Every structure is written in C-alpha cells, then in structure tokens.
Amino acid sequence: MLEAGDRPDFGPEHLDGLVDDLLALLGPRGVSTLDRALDRASRDGSGMSPILSAQQPLGRPDAVCYPKTAQQVPAIVRAAVRRGVPITARGKGTGNYGQVVPRFGGLVMDMTSLAGIRDLTDTTITAEAGARMINLEQAAWDAGRQLWMYPSTAQSTLGGFLAGGSAGTGTIVHGRNHMGFVESVDVVYGHEDAELLHLEGAAAQPMVHTYGVAGIIVSATVRLEPLQDWKCVYASFGSHHEAFPAAMRAASIEPKPRLLSADGATIVDALPSDPALVHGRASVRGIVDAAALEETVAVLEAGGGRIEAVREGLAQTMRLSTLSYNHPTWWLQKAVPDTYFHMECQGDALVTRLREVEDVYDGGMLHLEVGHQTMFGMINGVYRDPEQVFAGVPALEALGVGVHSPHQSYVDLDADRVRALARSTDPKGLLNPGRWQR
C-alpha cells in the first residue's frame, strides 16, 4: 500500500490504455483529457487557505471520466486498477482541504452525473453519490420530512459530504455525520475484481469521512425525521461579547435549534447585504422550532439583542445555513482579499474566554457555531506566514480550545483505523493516494 509521499508507478502507456478502456466503456463524452476538464478537476475550495494556496498546484489529473450509471463505477475501478492508475472520486469540489485534488495525477472520476434519488421513506432517503444535498432536503420537505443534517454548502453532493464532511445544519441535536446519520452505503473497493458492495448499519460507518481512500461511495441511505416548523431568527447586538453568550444560552432551549451562528460586526459587514444583518452590529442567526421561538426571542433580547427578522420556508433556512460554518470566513476573505486565514476551534472557552481566544492572533475574530454539546467555530487572523499560524495552536490549547487545522489534506479522523481498513479495501493504494501523514 502506498504511504504518504509514495507516488504510484504508472506511465503514459498505462494512461493511454486506460483512456482506451474508458472510451469503450463510457463513450467519447464519458472521458476527457482536455485542459479545461483537467483544470476543473484540479480545483476545490482550498483557496480559503493561504498555506494550501501557496502550494498550488496541489495536483492535476491526466484524465477525467463521468460515469452515468452506478454499475459503470466498478468497471471503471477495475480498469484503473488493472492499469495501475490512481483514481480520485470527486463531487462538486466544495471542500476546503484539497481532499479531491489528485496528488499524483491519474484519473478523476466525476460523480456528479450520478444524481438520482432512488427512494424515500418516513425515516430514510436513498440517493446516488452525486445528488446535491439541497435536492435531498427539498424532496424530504415535500414529503413532510427533513434531513438529519446537511452541510453549509448545500450544493455539495451526498457522496462528497459523507466522504469529506463531518458536521452541518442539524448537528446541534444529532452530532456529526458518523454518529447515526448513515444507514447504508453502496461502495466500490480498489480491487482488480471490484464490484458494487452494499454495507448496512455498523458496516457502513467506516466509509464516512475517509476522503475516499478506503472505498468509493456510489450511493447511500441517510436518515430523515419529521419536518419541524422552522423559523429563521436574526438578532443584532452592540458587540459579539454580548452576542456569543446569548447564543450559548439560546442553544439550550427545547426543542433545540437546528442551527445557531454568531459573528462580530467586522464579519457581519462582509456578509451579503441583508436588512437583517445590520452594518456595524454583531449578529446571532438561528433556525429554531416555532415552539421555541418566543423563548428564543426573549433570551436574545434579555442578552442585549434586537430582533431584526423572523423568516420561514425552505429557501430561508437554506440561506441562513449558507451563512454558517466556513462561509463567514469565505465572505470575509472575499471582502478583504489576501489578508485572513482561519483555524477550526472547539470548546466552551470560545465563549467563556472569548477575548483571550481572539487575542492569540493578530486581528483575531471568531465566528461561532453552537455545536453538539459544545461550541465550535473559526478563529480568523491576519496571515503572515505558516509558522505564525501554527504557533498559535499551543496558546489556544492552553485556553482549553481544541484546534483542527484546515491547512492540510491528510486523513485526520481515526487515521490509524482508516489506514488499516484501506490495506484490505485498496491493497495497491490507488484510491486517492497521498493522504497519509508520516
């Protein structure tokens, strides 16, 4: 199995043979070696990281293919493994860590044409890996149901979210996406005799958050719950030192919110123009159950807040979700280019020791998300160099803050377990290689 820096040993003859195989399997529109296709498959959201941006290009494929049916996926994998060419599965490329950029070239398998929703019950929805999360949520609402969770980038695909994501709208109640969200997956391993395998329950969980190094998710069944009457609440505050504690108190109201985000005035001023986002004032934004609306409003007002808007409907919940998680950092970077970096943080100290946390970095500003049993968010600071970014980690940890770096593309959740799994599911190390940190 290939390790962190190991490059698969393949040459032009292997690629040419694979392209011929794929043309026979998929037809002329099912595979491309054109520069525009290769360039597109070389990018994701890692431009948010000045550290990863400085390392561009992170990788570039030699060919891109576009399966149209689930049964084509194992045939593609068999052909690539037989030729010794690495394979990187890709959805919409909305991740921020470079996970889907092919480190060593080879084949990118674009899954976005596999977008069908196959089945919907009272408790689950089954869809292909390329189905967009916004379409799954719409289908669920139409049936009086809702997803357990979805990412803040609602245009992300189901397969990409499960392979690369770990949290989203709905996690306040349910935790991260490997904690009960996934009922089953159909997956393809990196074997010469690869087939489509169906994994249920506990057997499906190891495929989540593995960046596709242990198997390619082709379809999945995820959990639904009864649709709640959601209201989108926007409150403004004179300072985020008022807003953050108010958000923390609002998080304990039952039924619990689906999402609760907060920002200081500088970040708010960078967000898309909206009368509910008041210039010069901090913001708390929440998707709350109608049964909790009155109490939530009372808590926010008691904390110094002013209610700016209460909205409803699927489009409004989606809009509010797109102002959560990494997105405020993205808008801040867009408003002030080439200035800020971010680090992902977790812990109640983000609220209880807010001033100290922000003082760790020059120009420190925290975006807050209320999470499952704790606070987490993005600490933004003025970027000078990588050493300055990572030098702040011990100081944050000393304050009781857990830190995760968004400036790397290695498997970082249960890496030893995933590595052990991949030794059997991808014995030649051809699935998205280069994801192991020595």
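Predicted model: local features only at pLDDT ≥ 70, side-chain atom pairs only at ≥ 80, totals over all residues.
## The four-stranded sheet

Four strands make up an open sheet with mixed pairing, and their order is β1-β2-β4-β3. At the edges are β1 (31-32) and β3 (87-90), each of which pairs on one side only. Strands of a sheet pair through backbone hydrogen bonds, and the pairing is either parallel or antiparallel.

Helix α1 covers residues 12-26 and lies across β1, β2 and β4. Its direction is at about 20° to β2. Helix α4, residues 72-83, lies across β2, β3 and β4, and runs at about 180° to β4.

The two helices also come together. The axes of α1 and α4 come within 9 Å and cross at roughly 160°. Angles over 145 degrees count as roughly antiparallel, so α1 is roughly antiparallel to α4. The crossing of α1 with α4 is right-handed.

On the α1 side, the contact is made by His 14, Gly 17, Leu 18, Asp 21, Leu 22, Leu 25 and Leu 26. They meet Gln 72, Ala 75, Ile 76, Ala 79, Ala 80, Arg 82 and Arg 83 in α4. Sorted by class, the residues of this contact between α1 and α4 are eight nonpolar, three polar and three charged.

Is strand β8 mostly covered or mostly uncovered? Strand β8 spans residues 182-188 and is mostly covered, with six of its seven residues buried.

Strand β8 pairs with β10 (residues 216-226) in the antiparallel sense, over six bridges. It also runs antiparallel to strand β9 (residues 196-200), and five bridges join β8 to β9. Val 188 takes part in both pairings: its bridge partner in β10 is Ile 216, and in β9 it stands opposite Leu 196. In a regular strand, side chains alternate between the two faces of the sheet.

## Helices α8 and α10

Which residues make the contact? From α8 come Ala 246, Arg 249 and Ala 250, and from α10 come Thr 296, Val 299 and Leu 300. By class, the contact of α8 with α10 holds four nonpolar residues, one polar and one charged.

## Ala 37

Ala 37 belongs to helix α2, which covers residues 35-40. Is Ala 37 buried or exposed? The relative accessibility of Ala 37 is 12%, and buried means under 20%, so Ala 37 counts as buried.

Apart from neighbours within four places in sequence, Ala 37 is in contact with Ser 32, Val 64 and Tyr 66. Ala 37 and Ala 262 lie 225 residues apart in sequence, and the C-alpha to C-alpha separation of Ala 37 and Ala 262 is 38 Å.

Notes: Residues numbered from 1 in each chain as written. Heavy atoms only, no water. Pairing = 2+ DSSP bridges. Contact = heavy atoms within 4.5 Å. Axes fitted to C-alpha atoms, helices over the stretch in contact; angles between N-to-C directions. Parallel < 35°, antiparallel > 145°, perpendicular 65-115°, else oblique. Left-handed = near helix turned anticlockwise from the far one by under 90°. Nonpolar A, V, L, I, M, F, W, Y, C, P; charged D, E, K, R; others polar. Buried < 20%, exposed > 50% of the residue type's maximum accessible area, 1.4 Å probe, protein only.
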